[in-house]
Amino acid sequence: EAGLHSYPKSEEAAVIGIPDEEWGEQPKAVVVIKKGETATPEEIMEYCRAKMSSFKRPRSVVFVDELPRNPMGKIIKRVLREQYGKA
């Protein structure tokens, strides 16, 4: 997630595991882009390729307007897995 946070167009991001037949799970990035910016999944994955180890790099990216949070402000990854946890 730290690598995704350092991406200049990223407002915030979270990483969830999605099922993978070969490896068990693969990382999937859920990203909120800064207002006025645009990005493609390929652009973000290329950025991560230069910044992260191969097993940490997201294999897919989804863009959202906001990340779900609990009353304390923590990202609720369970909700992200329910919404975006499919390959």
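Predicted model: local features only at pLDDT ≥ 70, side-chain atom pairs only at ≥ 80, totals over all residues.
Okay, let's start with confidence: the mean pLDDT of the protein chain is 91, and 99% of its residues reach 70 or more. If that term is new to you, pLDDT is the predictor's confidence in each residue, on a scale from 0 to 100. Residues are numbered from 1 along each chain as its sequence is written, and side-chain values use heavy atoms, with hydrogens and water left out.

Going element by element, the lowest mean pLDDT, 86, belongs to helix α1 (residues 2-5), and the highest, 95, to strand β3 (residues 60-63).

Now the strands. How many bridges join β1 to β2? There are 10, with β1 covering residues 10-20, and the two strands run antiparallel. For strands to count as a pair, DSSP has to find at least two bridges between them. A hairpin of 3 residues connects β1 to β2. If you want one spot to look at, find Ile18, which stands opposite Gln26 in β2.

Is Gln26 buried or exposed? At 12% relative accessibility, Gln26 counts as buried. The cut-offs are under 20% relative accessible area for buried, over 50% for exposed, and partly exposed in between, using a 1.4 Å probe and protein chains only. The side chain of Gln26 also makes a polar contact of 3.1 Å with the side chain of Arg59. A polar contact here is a pair of N or O atoms within 3.5 Å; within protein, one must be able to donate a hydrogen and the other to accept it, and residues adjacent in sequence count only if both atoms are side-chain atoms.

Next, the inside. Which residues make up the largest nonpolar core? It has 12 of them: Leu4, Tyr7, Ala13, Ala29, Val31, Ile33, Ile44, Met45, Tyr47, Cys48, Met52 and Val61. By nonpolar core I mean buried Ala, Val, Leu, Ile, Met, Phe, Trp, Tyr and Cys residues joined through side-chain atoms within 4.5 Å. Two elements give two or more residues to this core, β2 (24-33) and α2 (41-51), and α2 gives the most, with 4 residues. Apart from this core lies another one, of 9 residues, including Ala14, Val62, Leu67 and Leu80.

Leaving out residues up to four places away in sequence, Leu4 touches Ser10, Ala13, Val15, Ala29, Ile44, Cys48 and Met52. Touching, or contact, means heavy atoms within 4.5 Å. Then there's Tyr47, in helix α2. The side chains of Tyr47 and Ser6 are joined by a polar contact of 2.9 Å.

Last topic: charges. Side chains of opposite charge can pair when their charged atoms come close. How many salt bridges does a search of the whole structure find? It finds 5, where a salt bridge is a side-chain nitrogen of Lys or Arg within 4 Å of a carboxyl oxygen of Asp or Glu.

One of them is between the side chains of Lys9 and Glu43, at 2.9 Å, N to O. Lys9 lies in the loop between α1 and β1 and Glu43 in helix α2, so the pair ties together parts that are 34 residues apart in sequence. Lys9 is partly exposed at 23%, and Glu43 is partly exposed at 29%.

Another joins Arg69 to Glu12, with the closest N and O atoms 2.1 Å apart. That pair links distant parts of the chain, with Arg69 in the loop between β3 and α3 (77-84) and Glu12 in strand β1, 57 residues apart. Glu12 is buried at 17%, whereas Arg69 is partly exposed at 38%.

And the last one I'll show is Glu82 with Arg78, at 3.6 Å between the closest N and O atoms. These two are 4 residues apart in helix α3, so about one helical turn separates them. Glu82 is exposed at 54%, and Arg78 is partly exposed at 48%.
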